[in-house]
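Let's walk through this structure together, from the places where the chains meet down to a few individual residues. Keep the 3D view open as you read.

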Protein chains: 4
Amino acid sequence: MTDFTPTRADRFSFGLWTVGWQGVDVFGGVVRPPLDPAEAVHRLADLGAYGITFHDNDVFPFDADAAEKERHLGPLRRALADTGLVVPMVTTNLFSHPVFRDGGFTNNDRDVRRFALRKTLDNLDLAAELGATTFVAWGGREGAESGGSKDVRAALDRYKEAFDLLGQYVLDQGYDIRFAIEPKPNEPRGDILLPTIGHALAFINDLEHPELVGVNPEVGHEEMAGLNYASGLAQALWHGKLFHIDLNGQHGPRFDQDLRFGAGNARGAFWTVDIVESGGYDGPRHFDFKPPRTEDLDGVWASAAGCMRNYLILRDKTRAFRADPEVQAALHDARVDELATSTLAAGESLADLRAESFDPEAAAARGMGFEHLDQLALEHLYGVR
Amino acid sequence: MTDFTPTRADRFSFGLWTVGWQGVDVFGGVVRPPLDPAEAVHRLADLGAYGITFHDNDVFPFDADAAEKERHLGPLRRALADTGLVVPMVTTNLFSHPVFRDGGFTNNDRDVRRFALRKTLDNLDLAAELGATTFVAWGGREGAESGGSKDVRAALDRYKEAFDLLGQYVLDQGYDIRFAIEPKPNEPRGDILLPTIGHALAFINDLEHPELVGVNPEVGHEEMAGLNYASGLAQALWHGKLFHIDLNGQHGPRFDQDLRFGAGNARGAFWTVDIVESGGYDGPRHFDFKPPRTEDLDGVWASAAGCMRNYLILRDKTRAFRADPEVQAALHDARVDELATSTLAAGESLADLRAESFDPEAAAARGMGFEHLDQLALEHLYGVR
Amino acid sequence: MTDFTPTRADRFSFGLWTVGWQGVDVFGGVVRPPLDPAEAVHRLADLGAYGITFHDNDVFPFDADAAEKERHLGPLRRALADTGLVVPMVTTNLFSHPVFRDGGFTNNDRDVRRFALRKTLDNLDLAAELGATTFVAWGGREGAESGGSKDVRAALDRYKEAFDLLGQYVLDQGYDIRFAIEPKPNEPRGDILLPTIGHALAFINDLEHPELVGVNPEVGHEEMAGLNYASGLAQALWHGKLFHIDLNGQHGPRFDQDLRFGAGNARGAFWTVDIVESGGYDGPRHFDFKPPRTEDLDGVWASAAGCMRNYLILRDKTRAFRADPEVQAALHDARVDELATSTLAAGESLADLRAESFDPEAAAARGMGFEHLDQLALEHLYGVR
Amino acid sequence: MTDFTPTRADRFSFGLWTVGWQGVDVFGGVVRPPLDPAEAVHRLADLGAYGITFHDNDVFPFDADAAEKERHLGPLRRALADTGLVVPMVTTNLFSHPVFRDGGFTNNDRDVRRFALRKTLDNLDLAAELGATTFVAWGGREGAESGGSKDVRAALDRYKEAFDLLGQYVLDQGYDIRFAIEPKPNEPRGDILLPTIGHALAFINDLEHPELVGVNPEVGHEEMAGLNYASGLAQALWHGKLFHIDLNGQHGPRFDQDLRFGAGNARGAFWTVDIVESGGYDGPRHFDFKPPRTEDLDGVWASAAGCMRNYLILRDKTRAFRADPEVQAALHDARVDELATSTLAAGESLADLRAESFDPEAAAARGMGFEHLDQLALEHLYGVR
């Protein structure tokens with residue numbers, strides 16, 4: 001049996017805010033001591049990760065001046081150098097400080113929007129310096145609790161303005177950076193702008209530089225809307241827009257659980273790994289989870305290790321599934337391959353098509369064979385094939 | 001007090017399948033006699049509607065030949081002529097017959113996809129003949145219950161192929177028809193392609209003739225994913241893609257309830273009418289609901305009348321809300337108008353922006369005044385202002 | 001038009017933690033300064049409330065000794081005396097301190113369970129001293145994120161043990177106090193014990209002193225499970241167990257929004273007030289909401305005032321609904337009253353019943369008239385009747 | 001590797017309506033031919049089931065007289081005799097015929113309630129004759145779409161009246177039959193009475209013969225409310241009320257999917273089998289699922305076989321999980337066993353308890369070790385331990 005030990009070739013990355021989460025929620029305070037970013041880098045390196053990611057204020061305080069920033073960045077840089085870990089992605093915290101109570105780029109207050117831009121520009125410079133090539137934008141407080149308080153179309157204008165300005169800045173600076181918008185339907189706001197993968201993909205098309213912007217879908221965020229995450233990834237890939245992924249676990253429409261990857265919707269995780277591995281995505285396998293508040297630091301590391309291990313287990317399983325001759329036969333019997341054939345033949349006209357005869361009753365009698373196929377998949381998940 | 005009696009100027013339309021629903025569901029059979037389409041036209045005309053819409057098989061049977069189709073269409077045409085009702089929209093049933101068990105345009109079976117295209121082309125001809133300018137496409141069974149049974153990217157290829165072919169056909173025929181895709185997250189399939197407004201908008205951008213295709217969002221379908229329908233309409237309008245709407249009622253993530261408009265999420269209905277009336281949408285106010293199975297035909301008409309009446313009541317309320325000086329002051333205090341101002345001033349550079357000083361702590365102390373504003377909205381809904 | 005100004009006769013109460021919420025959530029920190037409990041009492045008195053409620057640690061710190069407790073309780077007592085406000089309910093915070101990371105009464109750690117009991121006993125003494133007659137128990141962290149970590153049946157044993165001990169203590173001390181269990185399906189735990197009104201009612205039946213324990217249902221908690229709150233209240237009343245209520249607003253299955261009462265599900269609020277006013281409930285109309293994080297203190301008070309005002313508006317509407325002759329006729333036509341008649345007549349046997357003849361087809365043709373009735377209700381909500 | 005072939009000792013049973021579902025839903029008609037009940041018995045026997053269950057009208061038509069009933073029952077009896085299959089449970093269809101549009105026992109129409117009682121009494125006689133010892137009652141249409149149309153407390157009175165009468169009848173006839181109420185939150189009604197396990201358990205306590213009535217929880221029904229099915233079973237067992245179970249699959253709050261067992265929430269299925277096998281439940285392992293509409297009859301049998309196979313696979317896994325020494329150590333480290341110890345020691349008084357000293361800060365530093373434990377469980381599910 002494979003030992004499922006991650007290596008850097010697996011390209012697993014973690015947000016510093018994940019293992020560093022101290023457990024504060026609406027109903028309770030800190031349960032774990034602060035985790036030094038450099039310490040986190042070393043521990044994650046030991047566990048087999050290849051990179052870390054962060055919000056600016058995961059590393060230095062909100063009000064840090066240049067000197068203080070550097071005091072915090074220095075040890076992080078050294079830890080990265082010592083371990084060889086990379087920073088493939090950086091993101092900006094535009095949601096924790098009370099100034100962002102109504103969001104950042106789409107805050108009703110113009111001066112806050114301007115401040116949010118400045119904070120993001122500073123962070124882009126840092127991202128470029130650290131070699132990050134993806135810059136995630138989660139607009140967690142870009143939204144509203146009530147219909148009158150936000151002019152959604154104006155908000156989309158401002159959102160577009162922000163991404164257009166940031167895109168131009170990246171081009172002007174020659175940064176090798178692309179943006180990835182992270183959709184979420186709600187929490188902490190009642191309704192959040194660009195609530196799903198689809199809404200973000202649609203929005204990107206109206207930007208000045210759509211080629212610079214893709215999506216960073218998170219398992220739990222799509223599942224909070226009852227949507228199929230793997231199907232969402234497939235559509236993002238179809239549009240050429242899957243720039244980054246956030247892997248974790250969730251139990252359907254409820255609060256954002258941020259469970260470790262594999263916990264939550266186990267069958268969804270199987271199909272997620274299947275599409276990530278086979279769909280042409282070549283970015284980091286990034287975990288955005290929260291070790292439950294019940295855990296101490298040992299539990300934090302157990303949880304982080306579990307994310308990677310579960311990914312590797314599922315990677316083995318999905319490969320075995322695709323390689324299984326009985327599965328291949330079942331896929332063929334279910335005509336899954338037939339969907340790749342164009343509906344109209346080359347050179348065929350609609351008139352030709354309309355002239356064709358067809359017996360719908362006979363066709364209606366055909367079963368699809370999906371239950372047999374899905375049972376094979378499930379048995380691969382169970383490890384009994 | 002206004003009497004809220006609809007007139008044709010209000011442009012209310014109903015699907016024949018709404019008042020004609022006989023009550024069949026998974027757990028029970030027919031509770032109401034068939035409703036003759038011509039009779040439905042007359043009754044809806046009497047109630048104040050200006051138009052009706054239909055699926056092909058709402059009017060004639062699935063296997064009808066040309067003669068039988070005309071036998072059914074004749075009385076419908078006469079009823080339209082007699083009443084002056086119009087047919088602003090037509091749609092195709094690609095989901096009821098068992099041949100569509102795996103969908104139409106994205107069915108794994110190529111011959112079924114071809115049949116679905118033929119059926120739709122025939123129906124486009126009929127739509128054009130009847131003067132319909134919108135052709136709705138609800139892909140109710142384009143989806144899957146299990147991850148292996150559908151290659152989502154191939155399905156999107158086929159979906160695109162279908163809309164590209166249909167769009168070209170409309171152009172070639174010179175039909176004054178635009179398509180409107182109706183998203184839905186699930187039911188009757190486990191997961192449906194293009195599950196939300198956003199996914200459909202994103203998809204449209206990759207079509208050959210995106211200008212021909214928009215969306216037909218339904219209240220309940222978005223709310224089944226926990227999404228804010230009015231915000232979805234706003235984004236569709238922002239993209240210039242709100243071609244048609246389906247109004248009804250729903251209680252959040254659960255089965256598709258298709259309640260009459262106004263029943264369900266009452267506050268959501270207020271903001272829905274607000275954006276429909278003020279956002280530049282100029283299509284029909286179309287109801288896609290199901291009179292509950294508890295009702296006889298009197299209940300069916302009471303339910304249909306309620307849809308229109310509730311719309312008119314809410315139209316009055318949203319107008320009063322927008323005209324209320326105290327509301328206008330509250331909107332201003334909440335800086336809702338300030339969001340319309342670009343974040344960067346004309347001629348300003350990012351360098352200028354970055355040179356600006358700002359006191360985030362001071363800004364963080366400002367409240368947004370949203371609760372006061374929302375309370376005013378709620379009191380307009382309640383009719384106590 | 002009525003002015004909807006609350007008076008003490010309306011018996012509105014607020015948790016100190018509601019207006020005192022400083023806005024900390026998973027994604028951000030404090031947005032509002034601490035609110036002195038005595039100040040809250042004065043402000044709520046001015047707004048028209050008749051009482052306040054609190055968790056022990058809303059008033060004094062977790063680690064306060066007797067002297068420090070009294071330093072905090074003194075000003076509260078004075079404010080109560082000055083304003084005449086009462087304390088109808090007290091509750092214990094068994095969820096904020098990290099010691100309660102796995103809950104209180106059902107924590108896997110026995111010493112924590114013992115500590116939770118001590119903390120609750122101390123708080124019962126305080127409740128009795130302040131004249132509170134209801135003691136709410138929300139077991140917010142009594143639950144689990146994963147199936148193996150909690151033996152649910154053992155947890156119910158310990159939960160029962162706790163309520164049996166507390167009940168006996170109240171009896172032994174002669175306190176005029178009843179307990180009210182507050183159900184919640186999830187958040188902050190993945191799954192919480194006694195997740196709905198029903199589960200709590202069932203549990204209570206197995207206690208040593210079921211007569212001492214009822215439920216404290218919260219609007220949002222039931223709606224997070226997609227359940228109808230008013231129907232839940234009706235069942236609790238049917239069992240004689242509606243000891244207290246928590247009024248607020250929510251938008252279906254998602255995070256716990258704690259919106260002000262009236263915001264959220266407006267139609268649900270109408271039926272909630274209808275059953276609260278007509279169903280024999282005689283306790284406080286208690287609000288457990290969170291003024292959104294967007295608000296400053298002015299917004300806090302606007303939100304609190306809105307809760308009461310909306311209740312009074314809806315009280316007027318539900319009374320008008322019940323008094324409306326057309327409604328009464330519609331209720332009768334819908335045979336709503338007929339459900340009060342026993343199915344078997346007095347003295348009738350099942351043999352008599354079985355001898356009766358009946359034409360189901362004729363009966364099946366009868367409509368229920370529910371749409372007409374519900375439209376009348378909706379028009380009362382809209383204020384257009 | 002075990003072959004996971006079911007035997008009668010496994011006591012798997014299926015509703016005739018499961019494999020016999022013809023695929024009718026709100027959006028489409030019949031996709032499969034009628035399945036003869038006798039044929040179903042033979043096929044299920046071949047697959048390894050030990051029993052079948054049915055609604056009266058799964059076997060004979062709604063309007064059948066005694067002779068016609070017997071014409072349909074005869075072949076069923078013979079098939080049972082030929083195969084040795086048993087009928088452990090029978091249930092009544094009070095929801096398909098239009099006469100039940102507003103439910104059966106709680107229909108507003110008294111004559112319908114009386115008819116529902118008669119139909120149920122007849123079916124009880126049949127159940128007794130066939131040796132069924134469990135009589136399931138799913139009140140699928142006992143509910144409402146709107147607040148005014150149903151007096152919930154009166155409905156509970158009538159519901160109680162029905163169960164009291166039926167219970168007395170069973171006692172009077174000396175039938176060895178217990179009732180099992182099947183909760184469901186919604187669909188096909190907007191809100192259904194007794195929406196969860198908890199509500200049903202609470203209700204049962206107020207019956208004349210509570211000992212005769214338990215619950216029949218269905219996986220999907222609880223998960224439609226976002227509730228944890230295994231935890232619900234545990235509470236039902238704690239109350240001694242788990243009389244029957246309905247196993248299937250679901251993906252959270254949405255329409256009732258009735259997927260085969262194992263499909264849907266795979267981790268939930270693991271914990272479900274764990275509690276069913278270890279919690280003292282000794283009834284049939286009953287499947288209430290619907291083979292998806294995509295399937296022909298081969299797919300139906302594949303789906304049915306999958307239900308049993310998945311149960312056996314998971315039974316193996318849960319046994320291995322409980323027997324695994326590392327799991328046992330992890331359970332101990334997580335103090336799961338400590339919850340079985342009473343919080344107060346034997347002979348200890350509350351005064352003793354209150355005299356104890358405790359350092360909450362020290363206790364607060366302890367992690368629970370739940371992530372490690374849950375990872376072990378997940379690896380058993382994956383089959384990699």
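Let's begin where chain A meets chain C, at an interface with 4 salt bridges, each being a side-chain nitrogen of Lys or Arg within 4 Å of a carboxyl oxygen of Asp or Glu. A word on the ground rules: this is a predicted model, in which local features need pLDDT of at least 70 and side-chain atom pairs count only at pLDDT 80 or more, while totals for chains, interfaces and linings use all residues. Residues are numbered from 1 along each chain as its sequence is written, chains are lettered from A and ligands numbered from 1 in the order in which they are written, and side-chain values use heavy atoms, with hydrogens and water left out.

One of the salt bridges to look up is the pairing of C:Arg254 with A:Asp191, where the closest N and O atoms are 3.8 Å apart. Between chain A and chain C there are also 16 residue pairs in polar contact, with both residues at pLDDT 80 or more. Here a polar contact is a pair of N or O atoms within 3.5 Å; within protein, one must be able to donate a hydrogen and the other to accept it, and residues adjacent in sequence count only if both atoms are side-chain atoms. On the side of chain A that touches chain C, the residues divide into 14 nonpolar, 7 polar and 15 charged. In this sorting, Ala, Val, Leu, Ile, Met, Phe, Trp, Tyr, Cys and Pro are nonpolar, Asp, Glu, Lys and Arg are charged, and the others, Gly among them, are polar.

How many residues does each chain bring to this contact? Chain A gives 36 residues and chain C gives 36 residues, with contact meaning heavy atoms within 4.5 Å. Together chain A and chain C bury about 3,100 Å², 55% of it on carbon and sulfur atoms. Buried area is the accessible area (1.4 Å probe) that two parts lose on being put together, summed over both. Within chain A, the residues that lose the most area to chain C are A:Phe27, A:Arg101 and A:Phe255, together 26% of what that side buries.

How do these two copies relate?

Now turn to chain B and chain A. Here 95 residues of chain B are in contact with 95 residues of chain A, and the two chains bury about 8,600 Å² between them, 58% of it on carbon and sulfur atoms. On the chain B side, B:Trp238, B:Leu339 and B:Arg354 supply 10% of the area buried against chain A, more than any other three residues. Chain B is superposed on chain A by a rotation of 180° with 0.0 Å of shift along its axis (RMSD 0.0 Å). That is the relation of a two-fold axis. Both copies use the same surface, as 100% of the contact residues of chain B recur in chain A.

The interface of chain B and chain A holds 16 salt bridges and 62 residue pairs in polar contact, both residues at pLDDT 80 or more. The side of chain B that touches chain A divides into 44 nonpolar, 23 polar and 28 charged residues.

A:Arg335 sits in the loop between α12 (325-333) and α13 (350-355) of chain A, where helices (H or I, at least four residues) and strands (E, at least two) are DSSP runs, numbered from the N terminus. A:Arg335 is buried, with a relative accessible area of 12%; buried means under 20% relative accessible area, exposed over 50%, and partly exposed in between (1.4 Å probe, protein chains only). Its phi is near 55°, a positive value in a residue other than glycine.

D:Phe4 also has a phi near 55°. D:Phe4 is in the segment before β1 (12-15) of chain D and is buried, with a relative accessible area of 8%.

Finally, find the cis peptide bond from C:Glu187 to C:Pro188, with omega near 15°. C:Pro188 lies in the loop between β6 (178-182) and β7 (191-192) of chain C. In chain D, a cis peptide bond joins D:Glu187 and D:Pro188, with omega about 10°.

Methods
Copies are superposed by least squares on the C-alpha atoms of residues with pLDDT of at least 70 in both.
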